[in-house]
Amino acid sequence: MPSALNKLLLFIVFTTAFFSAPYSLFASDNEPSNDLKTEIKEYISHHLEDSYDFSLFSYTNDENEHVYIGIPLPVILWDEGLQIFSSSKLHHGTSVAQVGDNYYKLDHGKIYKTDALGTLTYDESHHTINAAPLDLSITKGVASMLLIAFLMFWLFKSLAKTYSINKGVPAGVGRFFEPIVLYIRDEIARPNIGDKKHGKYMSFLLTVFFFIWFLNLVGLTPLGVNVTGNIAVTFGLALLTFVITNFTGTKDYWLHIFDPLGGSMKWYAKIPLYIILIPIEVLGIFIKPFSLLIRLYANMQAGHIVLMSLIGLMFIFKSWLGSPLSFGLAFAISLIELLVALLQAYIFTMLSALYFGFAAEEHEHH
Amino acid sequence: MEKLISEFSVGLFFWQTVIFIGLLFILRKYAWGPILTAVNDRETSIKDALASAVAARKEMENLQSDNQRILKEARAEKEALLKEAQSTRAQLISAAKEEAQAEAQKILSQAQEAIQNEKRAAISELREQVGSIAMDIAEKVLKKELENNDKQVQLINQLLQDSDLK
């Protein structure tokens, strides 16, 4: 059975990462506590950002050097031609990467073009002013998304397959996912979009729900992936909702925006009202998806910050009372985050369906 | 806000969009389409099965009531038949009885008549025989009486004497 093997592999990866990651990251006992605090702070902000390699954990060795354990990922840059190289060349920003005739350096999570010595120049507000090439690297986040995409494809393809094999009855893991698929159809899509039109939005709703949910869950594993807490990702997702909403908008949808009062008033009476109403309605088109992207981003970001801070507290307290307490808190927050992971996916899907419902609405004309 | 914009990674946005749209179309073709079709098919088949079960039950009830009715009718018919048969039997018996009585009466009267006739015949025959016997006897007696002349004369005399002409 390949699925049993996969499960075992997944289990091993997760458990080893779980037991090794937090301890190796924070177990720098000999340093004074002030340094530990800044290290934890730095680690958290570093974790919240995307990175160029899939780091599992890092530690400081006897020579006071940071050793990173992880998988290097491809860096893809567009700098007068495509530049592809392994992220191991960047050495986590400690040295300059030479690719052909170009030199690149990693600084605060971004790749800049430098000279052979790796000189970085800053402006007065401490922003790097070196040229930054267009960066299309397969980062940790992209790799996680690819992983989730393959997982979803495998999972739901096999679910679809069981229907044909098993005469319309799901088998195995499909028994768990089928009710969720049905829930999205019956409780999210149908009530919000309507019985007639929900079909064409189902694929998006299902994909976005499972995509966000799985990425949220991966974010809770000690692999330390923070994809849905990244504004670029939530922006991309909300943009799709925005595009689908407005491209499938019916005449009634646009009429509702540009003529919200309809035939209930004489046209000359509507003019002063519409000076205010139409800009509000137009703004609403953008605010709706914007709220989606901010909500998901902020929730996941905040969850990660709280959880990691609580884990960090264990190493700051280092006492019989404080550490177990913060462990308990971190455990409780983890459970809540597990719920939040599902809830945020649900809210995103639900609100997307609601907006699609506005776009698809067709009511009899007054 | 400024930090958010400066942190915005174009690469991540690009890949996210590419991966998501790719995933969306692939899943639509290979997963969501078949899954939703299968689920819909199953739902309609369940609905149909339920409806047909209800219809079957209704039919069954109809059939049952039909059966009951037929049974009742059959029972009534049987009873009627039985009753009829009984009355027919009684009728037959009484008719037969009457007929037999009449016949017996008839035979009896015929027999009586025959007896009467026979009796009459026998009586008349007896009368004739007795008459002839009496004539024979009288003849014989007369013959014997009148064997000799003396006697004949004596008798004539006596008869004449008896007859006494006046």
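This short talk describes selected features of a structure with chains A and B.

Good morning, colleagues. What we have here is a predicted model, in which local features need pLDDT of at least 70 and side-chain atom pairs count only at pLDDT 80 or more, while totals for chains, interfaces and linings use all residues. Residues are numbered from 1 along each chain as its sequence is written, and chains are lettered from A and ligands numbered from 1 in the order in which they are written.

I begin with chain A. Its division is into domain 1 (74-137) and domain 2 (141-360), with bounds from an automatic or database domain assignment. Taken over C-alpha atoms, the centres of these two domains are 34 Å apart.

Chain A also holds an open sheet of 3 strands, ordered β5-β6-β7 and paired antiparallel. Strands here are DSSP runs of E, at least two residues, and helices runs of H or I, at least four, numbered from the N terminus; two strands pair if DSSP finds at least two bridges between them. At the edges stand β5 (97-99) and β7 (110-114) of chain A, each pairing on one side only. Between β5(A) and the antiparallel strand β6 (residues 102-107) of chain A there are 3 bridges. A:Gln98 has A:Tyr103 in β6(A) as its bridge partner.

I turn now to chain B. How many residues of α3(B) are buried? Of its 15 residues, the count is 0, where buried requires 20 or more other C-beta atoms within 10 Å of the residue's own, with C-beta atoms placed from the backbone. Directly after α3(B), B:Asp164 adopts a positive phi of about 45°.

Methods: Buried ≥ 20, exposed ≤ 12 C-beta atoms within 10 Å, placed from the backbone.
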